[in-house]
Every structure is written in structure tokens, then in C-alpha cells.
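Dear colleague,

Please find below the structure I am handing over to you, followed by a summary of the findings.

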Amino acid sequence: MIVGQSGRTSRALRPVERARLADAAELYWVQGKKVEEVGAELGVSRSTVSRMLARARATGVIQFTVHREEGPTDQLRHELEQRYGVSATVAPVEHSETARERMLAVAVQTASWLDAFVRPGVILAVAWGSTVENISLQLRPHPVPDMQIVQLHGSGNVATLGTNYAGLILDRIGNAFDAQVHYFPVPAFFDSASTRAAMWREKSIQQVLALRAGADLLLTSVGTPDGELPGHLYDSGYLTAADMAQMEREHVVGNLGGIFFRTDSSTDRIDVNARSTGLPFNELRHIRRRLLVAADPAKSPAIRTVLGAGLMTDVVVDAATAQAVVEA
């Protein structure tokens with residue numbers, strides 16, 4: 001038994017009931033939809049929606065907290081938004097927490113963000129990696145009609161050209177939203193720019209490229225060679241020692257979706273970019289909503305570069321990472 005806000009006791013909710021009430025509460029209070037719109041989406045009447053919302057509050061499915069004064073995370077959020085012109089979410093994790101605990105908090109926040117912002121017919125481009133993998137594990141079933149998911153950049157390396165790691169991530173996201181998944185069956189990096197140009201002429205590849213170019217929403221993180229959780233491109237055989245040495249000479253600070261950049265956000269004359277399957281920044285900007293997710297203070301130079309260049313519209317970070325970004 002549980003005690004509601006009215007002080008009356010009632011039976012505990014079954015999981016399916018709680019999920020149903022959570023759907024109604026999220027659509028109404030988080031997404032800001034009208035009662036009629038909630039009813040249409042859930043297939044129930046207006047009066048039923050009203051009862052569901054009242055029950056959601058009474059059983060604690062949704063709770064409201066009034067913050068008369070700003071907390072530390074609110075201040076960090078405002079700082080990020082004012083400095084970089086993005087919509088920011090800062091997960092309230094203590095600085096003493098471990099890297100994995102910070103990652104979990106950010107992944108949970110991002111899963112909620114996606115639930116709120118995906119819409120029927122949307123095309124979601126996904127830049128796979130360890131951060132996005134953690135997000136995929138936090139998604140709950142939320143079918144979205146006619147949604148499509150497209151892999152942003154290739155995933156094959158010198159050992160395999162299969163989708164493997166990236167495919168598992170995309171499949172998990174696709175299953176959560178009941179969406180159609182489109183893989184990008186090419187290496188992360190070709191051996192030469194001419195090989196990439198030849199592959200780009202293949203019809204099957206052109207179909208993926210067209211979907212990628214028409215994406216409405218981007219989910220990505222930023223990769224760096226060091227930090228608590230090194231970027232997957234750096235530690236899984238995708239880059240050779242010669243590649244790494246060359247990028248150090250080229251003053252590369254990180255990569256976004258397989259495209260490497262310097263602290264001034266420039267990507268030209270970086271050898272590996274000529275062979276990369278990532279989305280060039282001038283094309284990436286055409287995606288209407290672009291979400292950057294990060295949970296590692298050591299990535300702050302790369303994050304500052306990406307945000308300062310206006311490449312993202314939204315960002316989800318933990319408090320420690322946000323602090324590292326704004327301090328500079």
C-alpha cells in the first residue's frame with residue numbers, strides 16, 4: 001500500500017499501470033501537450049486523461065518541487081546557455097562520484113530528453129560510441145510512428161567491416177522507439193580518399209547518405225584520446241599509431257562523429273578526415289536539433305570547441321563536466 005498526497009492509502013501500482021500513468025504525465029507536464037492531445041496519443045477520452053493525471057500525482061508517479069533559489073546545477077545550466085547559446089541540461093551528480101556514476105546520471109537524463117523530443121516521422125542520426133551505448137541502455141519502450149534511425153558514420157575497422165558494436169547500439173535504440181534502423185555498412189575510415197569517393201557513388205551507400213543528410217535530430221558525444229573513458233575510435237583499432245602521431249602534429253583536440261577538429265574547430269588539412277565516413281561540419285549544421293552528451297571533465301577543451309563553434313543546439317552533461325567547461 002502507498003499513501004497519496006491526499007493522505008489516503010491505496011494499493012501499489014502494477015508496472016503496466018505505472019508506465020501508463022507516466023506516459024500521460026510526461027506528455028502533459030513535460031512535453032506540454034493539451035489534455036485532448038494526450039488522449040488522442042494514448043487512445044483514451046479527455047475525462048480519462050484527467051483521472052490519469054490526478055492519479056499520477058496522488059501516487060507519486062510525478063512530483064513537483066519548487067526551487068525558490070537556484071542550486072549549483074541551475075547556475076551551471078544558465079552559464080552554459082548564456083555563453084554558448086544552447087539549451088542545456090546538467091545532471092546533478094556530485095563531483096566525488098565515479099566516472100561511471102556520472103555517465104549513468106547523464107545517460108538517464110538523455111533518455112528522458114529523447115523521450116520528450118522524438119516525434120512521429122523523425123529521422124534520428126546516431127553517432128555511436130561508449131556514451132551513446134550507455135544512453136541506449138537507459139531507454140524505455142516508447143513506440144514512435146514512422147521514426148527512422150540512421151547510423152551517422154561507419155563502424156568497420158582493420159579487424160572487421162561488420163556493424164557489430166555500432167549495430168548493437170542502433171538496434172537497442174531502434175527497439176526502444178520501434179523505429180526502422182538504417183546501418184552504414186562501411187569502415188570508419190577508408191584507406192584513401194579515392195576509395196571513399198568510389199564508395200560514395202554506390203546506390204546502397206547513397207541511400208544512407210541521403211537519409212543522413214535529411215536527419216531532423218542528431219545524438220552524439222565528443223571523442224578524445226585521453227580522459228576517464230577514452231573515445232571508442234581511439235582504443236579499438238580504428239586508428240594506427242601513424243594516424244595518432246599525424247593528428248598530434250596537426251593539433252587535433254577531438255572528434256565529433258568521426259570528424260576530427262582543432263581547438264579553433266577547423267577540420268581542413270587533417271589527413272584522416274579525407275578518409276573519414278563522418279558527416280562534415282558544414283552538413284552537420286543542417287540538422288535542425290543537435291544534441292551533444294558528455295560525462296567527462298577531461299573532454300572539456302573539445303566540448304568548449306564544439307559548443308563555441310555553434311555546432312550543437314542542445315547539451316546534456318554532468319555537473320563536474322559543466323564546471324570544467326565554464327571555468328575556462
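The model is a predicted one. I begin with Ser 266, which is located in the loop that runs between strand E9 (259-262) and helix H12 (281-284). The relative accessible area of Ser 266 is 16%, and because buried means under 20%, Ser 266 counts as buried. Its side chain takes part in two polar contacts: one with the side chain of Asp 264, at 2.6 Å, and one with the side chain of Arg 262, at 2.8 Å. Leaving aside residues up to four places away in sequence, Ser 266 touches Phe 260 and Phe 261.

The next item is the packing of two helices. Helix H1 (residues 15-30) packs against helix H3 (residues 46-58) at an angle of about 105°, and their axes are 9 Å apart. Angles of 65 to 115 degrees count as roughly perpendicular, and H1 and H3 are therefore roughly perpendicular to each other. On the H1 side, the contact is formed by Arg 20, Leu 21, Ala 24, Ala 25, Tyr 28 and Trp 29, while H3 contributes Met 52, Leu 53, Arg 55, Ala 56 and Arg 57. Of the residues in this contact, eight are nonpolar, three are charged and none is polar.

Finally, helix H5 (residues 99-117) comprises 19 residues. From its first C-alpha to its last, H5 reaches 27 Å, close to the 27 Å expected at 1.5 Å a residue. The buried residues of H5 include Met 103, Val 106, Trp 113 and Leu 114, and also Arg 102 and Asp 115.

Yours sincerely

Definitions and conventions:
Residues are numbered from 1 along each chain as its sequence is written. This is a predicted model: local features need pLDDT of at least 70, side-chain atom pairs count only at pLDDT 80 or more; totals for chains, interfaces and linings use all residues. Side-chain values use heavy atoms; hydrogens and water are left out. Helices (H or I, at least four residues) and strands (E, at least two) are DSSP runs, numbered from the N terminus. Buried means under 20% relative accessible area, exposed over 50%, partly exposed in between (1.4 Å probe, protein chains only). A polar contact is a pair of N or O atoms within 3.5 Å; within protein, one must be able to donate a hydrogen and the other to accept it, and residues adjacent in sequence count only if both atoms are side-chain atoms. Contact means heavy atoms within 4.5 Å. The expected span of a helix is 1.5 Å times one less than its number of residues. Axes are lines fitted to C-alpha atoms, for helices over the stretch in contact, and angles run from 0 to 180 degrees between N-to-C directions. Angles under 35 degrees count as roughly parallel, over 145 as roughly antiparallel, 65 to 115 as roughly perpendicular and the rest as oblique. Ala, Val, Leu, Ile, Met, Phe, Trp, Tyr, Cys and Pro count as nonpolar, Asp, Glu, Lys and Arg as charged, and the others, Gly among them, as polar.
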